[in-house]
Amino acid sequence: MRIYAIPILKNRWAYYCHSTVSSTSKLTKAVNWSSKKWEQFGKADPTTWKGKLYNRGSHFMNQVDYQEWFLKSVPAKYELQEPLKNVLVNYPKVLEGSDVQRDLESLLKDRVNYHKKYMYYSAYWVPLSCTFVIVPLIPNIPLAYNLFRLYSHYKAYHGADSLSSLVNQGQLTYQQDEQLNALLNQHSFVSSDDLEFSQEIRQGFLEKKPNLKLLEHDLEGVLNNSDIKLIGETLDTPGLELELNRARSQILKAVALERFVKAKQE
């Protein structure tokens, strides 16, 4: 198992956990089986109910915090056949190792309690959600949502707790990654304060009608789609491209909202 810290902006980055650790958890195996079945829906004709359900479901899942997705991918202690002894945290030289360490430890400190609290909240709502079954043929959307959020918080909590244990035992090793250095050597990143948005993006946020598709376009000083694709192919890490695209979209949206909402208030 290893962790990658990949910059989206100079001062904003995303974490990705690449784990080949085999799990002994029946729950994890069941979820992995369900995930494969879900991906099969994505191959269906978009006009069919399977295709429409997949598109709407994917849109919803992309709204879940990218850091939560990262923590969910970290193996929980109960899933490990034997304890982890040392985990590498790889980052490119555009980032400072001390900044990555401080940021990751701060994230874990916040998220252990956060996901534990909302895991219980989601559990409390499950019995109430069961009452929404009116017609057997109509899916119980509230129940499905609460079960998804319950499992998501459960996995993120245990992932954060597992990493926190490694931090406390001094078993995370931070090091520059030569592959990332080679891939990003010619890339110039800007900070969130120096990021420039097009007038079209700016206007959309000021009018509270942002076209988020515009944020998918290449922006100067940002890790862009072609960069993400190349990183995923070079590191040969399944799922990395999806996770980085999700993180990029959420980070750029957060920066735009913070800047343009503040500008409108002034």
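The structure is a predicted model. Strands S1 and S2 run antiparallel, helices H4 and H5 are roughly antiparallel to each other, and Asp236 lies in the loop between helix H8 and helix H9.

**Strands S1 and S2**

- Strand S1 spans residues 2-9 and is joined to S2 by 7 bridges.
- Pro7 has Trp13, in S2, as its bridge partner.

**Helices H4 and H5**

- Helix H4 (residues 97-129) packs with helix H5 (residues 141-168) at an angle of about 155 degrees, and the axes of the two helices are 7 Å apart.
- Angles over 145 degrees count as roughly antiparallel, and H4 and H5 are therefore roughly antiparallel to each other.
- The crossing of H4 and H5 is left-handed.
- Where H4 contacts H5, the residues comprise 18 nonpolar, 6 polar and 4 charged.

**Asp236**

- Helix H8 (225-235) and helix H9 (240-265) are the two helices on either side of the loop that holds Asp236.
- The phi angle of Asp236 is near 50 degrees, which is a positive value in a residue other than glycine.
- Asp236 has a relative accessible area of 61%, and the cut-off for exposed is over 50%, so Asp236 is exposed.

Methods: Residues numbered from 1 in each chain as written. Predicted model: local features only at pLDDT ≥ 70, side-chain atom pairs only at ≥ 80, totals over all residues. Heavy atoms only, no water. Pairing = 2+ DSSP bridges. Helix = DSSP H or I, 4+ residues; strand = E, 2+ residues; numbered from the N terminus. Axes fitted to C-alpha atoms, helices over the stretch in contact; angles between N-to-C directions. Parallel < 35°, antiparallel > 145°, perpendicular 65-115°, else oblique. Left-handed = near helix turned anticlockwise from the far one by under 90°. Nonpolar A, V, L, I, M, F, W, Y, C, P; charged D, E, K, R; others polar. Buried < 20%, exposed > 50% of the residue type's maximum accessible area, 1.4 Å probe, protein only.
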